[in-house]
Amino acid sequence: MRILAWPTQSPLNPYASLVYSNLGPRVQADSWPGRLSRKYSVWHVHWPDSLLNIRNTPHAAFKVSGLFAATDFMRARGTKLIWTMHNFASHESLHPKLEAWFWRQFIPRVDGVISLSNAGLAMGLHRFPRLQQLPSTVIRHGHYRDQYPPPNRDARALLGIPQFAKVMMFFGAVRAYKNVDTLVKTFRSLPKDGTLLYVVGQPNSVPLSDFIKQEAAQDPRILLKFEWIDSQDVSMYLSVADLVVLPYREVLNSGTALLALSCNRPILVPDLGAMGELKLDFSTDWVRTYKGPLDASILEDALLWSAQSRPAVCPMPDKYCWDHIGKQTLDFYQHVMDSSPPARAPVEVVHQEEVVKPR
């Protein structure tokens with residue numbers, strides 16, 4: 001089986017490369033744009049909405065139009081388009097009119113959908129009712145346990161963290177929807193009892209970065225590492241955390257949550273999207289959820305919870321292991337290829353000038 005995949009790898013996240021490296025020897029995965037003269041059985045896309053993060057509206061519209069032209073060419077030759085539903089909307093919402101048009105155009109072209117959680121699948125079928133006619137399945141986001149070197153035993157000394165401090169950590173790209181600004185403001189109201197907050201990751205906007213820096217400057221217990229962390233150092237940073245806090249305003253799935261659990265760190269997450277399923281799968285020993293806005297009592301209670309006795313290694317359920325994920329993915333490819341297509345919905349024709357006007 002030859003498939004076309006987008007992406008097959010990313011310097012920011014090993015998730016995609018782990019999907020395709022575990023499909024087995026019968027599958028050859030070419031990276032988009034591949035060679036369109038070849039016949040592909042499946043085109044598997046993960047983050048098509050990433051094109052909507054291009055800030056220049058005409059450029060984004062051009063890229064989106066190219067995506068649809070390539071999709072139509074391949075589907076006319078019998079290629080099945082499979083979408084793994086990581087998001088149902090772009091995080092930045094830079095181009096509302098273009099984005100609305102994008103989803104109206106994209107969904108009728110899909111032949112099968114993969115969700116990373118049961119909650120995500122239900123949300124996707126509700127958000128896009130046409131998907132209810134298509135083959136669908138749930139395949140979990142795999143772990144990262146074997147992807148990063150083990151931490152240095154002297155990690156706290158190397159990072160300048162006091163040996164006996166209690167450390168809350170936010171780890172990952174710092175973006176508005178991840179609510180790091182609220183985390184920093186809320187932490188400042190906690191008692192000064194030897195607890196630190198360590199924010200590790202690269203902000204994607206200057207205003208957000210400046211706001212967090214201003215807040216952190218007023219409390220010496222808040223440490224900032226506004227840099228992209230090299231893969232060789234990921235587990236070292238996470239190893240100094242007593243609790244990883246991911247206080248997202250909105251979340252469907254979280255690779256960072258799986259990363260923290262892979263590094264045997266307990267996590268605090270909002271009770272949104274797939275986070276409740278993470279708690280069921282990994283148990284309340286490792287995952288704590290909260291409802292409503294983040295406040296000081298939530299952080300204090302979670303820090304006490306993080307200090308409770310638990311195994312040194314977080315157990316990893318089979319459904320999060322890559323050999324299991326690879327088999328499920330390959331089986332779903334075959335299922336979609338064997339399925340009769342639903343009645344084709346008409347694809348809306350929109351003049352490009354209607355969707356490229358700047359906000």
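Predicted model: local features only at pLDDT ≥ 70, side-chain atom pairs only at ≥ 80, totals over all residues.
Residues are numbered from 1 along each chain as its sequence is written, and side-chain values use heavy atoms, with hydrogens and water left out.

We begin with the aromatic rings. A pair of such rings is described by the distance of the centres and the angle of the planes. Rings of Phe, Tyr and Trp (for Trp, its six-membered ring) pair if their centres lie within 6.5 Å, and planes under 30 degrees apart count as stacked, those over 60 as edge-to-face and the rest as tilted. The structure holds 17 aromatic pairs. In one of them, the rings of phenylalanine 102 and phenylalanine 106 have centres 5.5 Å apart and planes at 10 degrees, so this pair is stacked. The two residues are four places apart in helix 3 (residues 96-106), and are thus separated by about one helical turn; helices (H or I, at least four residues) and strands (E, at least two) are DSSP runs, numbered from the N terminus. An α-helix has 3.6 residues a turn, so residues three or four places apart point the same way. Phenylalanine 102 is buried, with a relative accessible area of 0%, and phenylalanine 106 is buried at 3%, where buried means under 20% relative accessible area, exposed over 50%, and partly exposed in between (1.4 Å probe, protein chains only). Both belong to one aromatic cluster, formed by Phe68, Trp83, Phe88, Trp101, Phe102, Trp103, Phe106 and Phe128.

Helix 9 (residues 255-262) is mostly covered, since seven of its eight residues are buried. The buried residues of helix 9, among them Leu258, Leu259 and Leu261, pack against strand 7 (166-171), helix 8 (234-239), strand 10 (243-245), strand 11 (267-270), helix 10 and strand 12 (287-290), with contact meaning heavy atoms within 4.5 Å.

After helix 9 comes asparagine 264, whose phi is positive, near 65 degrees, and which lies in the loop between helix 9 and strand 11. Asparagine 264 is buried, with a relative accessible area of 18%. A polar contact of 2.8 Å joins the side chains of asparagine 264 and arginine 145; such a contact is a pair of N or O atoms within 3.5 Å, where within protein one must be able to donate a hydrogen and the other to accept it, and residues adjacent in sequence count only if both atoms are side-chain atoms. A polar atom of the asparagine 264 side chain also lies 2.8 Å from the backbone nitrogen of cysteine 314.

That residue leads to the cysteines. A disulfide is a pair of cysteine sulfur atoms within 2.5 Å, and a search of the whole structure finds zero disulfides. For cysteine 314, the nearest cysteine sulfur is that of cysteine 263, 10 Å away, and cysteine 314 is buried at 0% relative accessibility. The sulfur of cysteine 321 is 11 Å from the closest cysteine sulfur, in cysteine 314, which is too far for a bond.
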